Amino acid sequence: MNREQCLEERRSGAGGSDIAPMLGLSPWKTPLELWQDKTGRAVENISPEQAERMYWGNTLEDVVARHYAEQRGVRVQRINGLIRHPEHPIAFANIDRAVVVEGSRARWTGTRVEGASRILECKTAHALAQNSAEWGEPATDEVPRHYWLQCQWYLGITGLPFADLAVLFGGQRFVTYTILSDAALFADLLAEAVSWWERYVVADMPPQPRTEDEARRLWSSHVAGRELVVDVKVSQAVHELVEVKASLKALEEHDQQLKDTILPAFGDAEAISCGGVRLATWRANKSSEKTDWRAVAVALGAEQNAAIVAQNTATIPGARVLRLNTKEITK
């Protein structure tokens with residue numbers, strides 16, 4: 001399949017990397033961003049740093065899998081395609097490798113993976129990550145919770161008892177963690193995933209935004225005259241924001257008072273110092289140019305020029321502005 005076909009297939013259900021975002025437990029993706037992915041609304045905006053990290057993660061997967069097999073004296077195998085839950089097709093697994101039982105071949109029977117003893121998931125991480133609280137001692141199941149949930153999801157769908165999470169830290173330290181299948185937990189995860197899918201994807205209703213940025217992207221305009229009654233938590237946040245803004249205003253005024261003392265001391269000098277220590281500089285930035293193309297068209301006096309400018313002028317909707325009712329709140 002090409003890339004677009006792969007993306008379309010992944011939009012057909014919930015995979016292992018989707019479980020943490022569904023539960024609001026992912027460090028990389030929110031429930032709303034997951035919903036946008038699954039409904040084809042996501043705008044792909046991958047930074048060069050993210051693209052490089054993804055490239056090396058994919059490239060080093062084979063290296064990690066091969067070293068694991070050599071270290072353990074076992075054979076590992078890919079299972080091509082998505083493995084779907086027999087009763088809930090929206091639940092699927094796309095495991096990195098299956099650890100093959102000697103003399104057998106790993107295969108999906110439609111209800112479980114046969115011919116394998118466990119799952120192998122291959123990860124790469126920053127060298128400093130191994131010292132964080134998220135990663136425990138080797139051979140334990142103390143791994144970041146989004147990886148732990150991913151493995152539990154795969155174990156529940158494949159029917160295998162264990163998942164080994166092989167991690168290459170900083171390209172130089174290889175560690176393996178082992179996660180035991182928890183059938184009761186998987187049942188809860190499956191029920192939550194099915195419910196989430198019906199509630200948001202099938203119904204085409206977005207989950208509640210969790211950040212200012214998400215709220216602005218989801219609701220860029222307002223309904224005139226509409227007013228909502230919010231809970232105490234939101235009311236308290238509004239009162240606290242009024243206090244924070246008052247503090248910021250006081251700090252801004254103090255900031256200006258300090259500048260009023262410092263800048264006049266420069267005169268036309270580039271820098272100021274005291275006691276042999278350079279305190280600050282006040283230099284002009286490099287000049288730049290900006291062309292007013294509308295004025296150019298008018299100056300040329302040609303109607304066609306003005307028409308071209310009009311054709312290429314777009315009206316940008318006004319952004320929603322949060323204005324606090326400070327007078328009422330501070331009474």
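I am working from a predicted model here, so everything below is read from computed coordinates. Next I looked up C151, which is buried too, with a relative accessible area of 1%. How many disulfides are there? My count came to zero. For C122, the nearest cysteine sulfur belongs to C151 and is 10 Å away.

**Main core.** I then turned to the largest nonpolar core, which has 46 residues. Which of them touch the most other members? I noted M22, W135, W153, L165, F169 and Y177. Several elements give two or more residues to this core, among them α2 (19–22), α3 (31–38), β7 (116–125), β8 (162–169) and β9 (173–180). The largest share, eight residues, comes from α6.

**F169.** W135 and Y177 were already in my notes for the main core.

**Second core.** There is also a separate core of eight residues. C122 is in it, and so are V64, Y68 and L120.

**Helices α5 and α6.** I wanted to know how α5 (145–158) and α6 (183–202) are arranged. Their axes come within 9 Å and cross at roughly 95 degrees. The two helices are therefore roughly perpendicular to each other. On the α5 side, I wrote down W148, L149, Q152, W153, G156 and I157 as the contact residues. L185, F186, L189, L190 and A193 make the contact from α6. Sorted by class, I get nine nonpolar residues, two polar ones and no charged ones.

Most residues other than glycine have a negative phi, so I checked for exceptions. A139 has a phi near 75 degrees, a positive value. A139 sits in the loop between β7 and α5 and is exposed, with a relative accessible area of 58%. D204 also has a positive phi, near 55 degrees. Where does D204 lie? I found D204 in the loop between α6 and α7 (212–218). At 37% relative accessibility, D204 goes into my notes as partly exposed.

Conventions. Residues are numbered from 1 along each chain as its sequence is written. This is a predicted model: local features need pLDDT of at least 70, side-chain atom pairs count only at pLDDT 80 or more; totals for chains, interfaces and linings use all residues. Side-chain values use heavy atoms; hydrogens and water are left out. A nonpolar core is a set of buried Ala, Val, Leu, Ile, Met, Phe, Trp, Tyr and Cys residues joined through side-chain atoms within 4.5 Å. Buried means under 20% relative accessible area, exposed over 50%, partly exposed in between (1.4 Å probe, protein chains only). Helices (H or I, at least four residues) and strands (E, at least two) are DSSP runs, numbered from the N terminus. A disulfide is a pair of cysteine sulfur atoms within 2.5 Å. Axes are lines fitted to C-alpha atoms, for helices over the stretch in contact, and angles run from 0 to 180 degrees between N-to-C directions. Angles under 35 degrees count as roughly parallel, over 145 as roughly antiparallel, 65 to 115 as roughly perpendicular and the rest as oblique. Contact means heavy atoms within 4.5 Å. Ala, Val, Leu, Ile, Met, Phe, Trp, Tyr, Cys and Pro count as nonpolar, Asp, Glu, Lys and Arg as charged, and the others, Gly among them, as polar.
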